[in-house]
Amino acid sequence: MDLKIEDASIRILDDLYEIEKQCFDDEAFSKQQIGYLLADYNAVGFVARVNGEIAGFIIGRIELIRNQPVGHIMTVDVLPFHRRRGIGRRLMLEIEAIFKQKGAKECRLEAREGNVAALKLYGRLGYKNVAVLKNYYGQTHGVYLRKNPL
Ligand SMILES: CC(C)(COP(=O)(O)OP(=O)(O)OC[C@H]1O[C@@H](n2cnc3c(N)ncnc32)[C@H](O)[C@@H]1OP(=O)(O)O)[C@@H](O)C(=O)NCCC(=O)NCCS
């Protein structure tokens, strides 16, 4: 597999939105939201290409919590056809490395309760469940996860 990771850019917003729609049903970010996330000054985003085609992406940002930089992953998406080939893991490792480089000692994210693929992926990368987020996704609860140290 020829896997390449590159910076995510607003130029490919349409492609990213198409992938987001294929990865999430009700909770997909709108195109405008993805554009907004990417345009954030503190955003970090990567795209995974397999044989030149976009197979997935990740967007996060550095947030200041009690004056300390903390990584926050907003979305990670891999197209169904490309799953279970290590792309999600690779995207996570790439963004964590940048967070670390920018001084973050911790990374946080939210996932839907029952999202087995995501929760297993995060668990294997060292994330711990720290809280249940009641009705975070409408009727469904969310799980708040944290990795510390990064
Ligand atoms: C979650 C997601 C990004 C994982 O991407 P991926 O490229 O398939 O993940 P990887 O191949 O890197 O998997 C790494 C590890 O995570 C775990 N994992 C991934 N998918 C899994 C699944 N469906 N069931 C069980 N474990 C899974 C495994 O431990 C896997 O390692 P292994 O294949 O050696 O067993 C992908 O399923 C996806 O895009 N889902 C829809 C969007 C989503 O839910 N994003 C997360 C929002 S919080």
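Student: Where does the ligand sit?

Tutor: The ligand takes up the space of the largest pocket. A molecule sits in a pocket if more than half of its atoms lie within 2 Å of its grid points. A pocket is an open set of points on a 1 Å grid over the protein atoms alone, where a 1.4 Å probe fits, with protein on both sides within 12 Å along at least five of seven lines; lining residues have an atom within 4 Å of a point. This is a predicted model: local features need pLDDT of at least 70, side-chain atom pairs need 80 or more, and totals for chains, interfaces and linings use all residues. Residues are numbered from 1 along each chain, and side-chain values use heavy atoms, without hydrogens or water.

Student: What polar side-chain atom lies 2.7 Å from a ligand oxygen?

Tutor: A polar contact is a pair of N or O atoms within 3.5 Å. One belongs to the side chain of Asn 115, at 2.7 Å from a ligand oxygen. The backbone contributes too: a polar atom of Gly 86 is 2.8 Å from a ligand oxygen, and an N or O atom of Arg 89 is at 2.9 Å.

Definitions and conventions: Polar contact = N/O pair within 3.5 Å; in protein donor to acceptor, adjacent residues only side chain to side chain.
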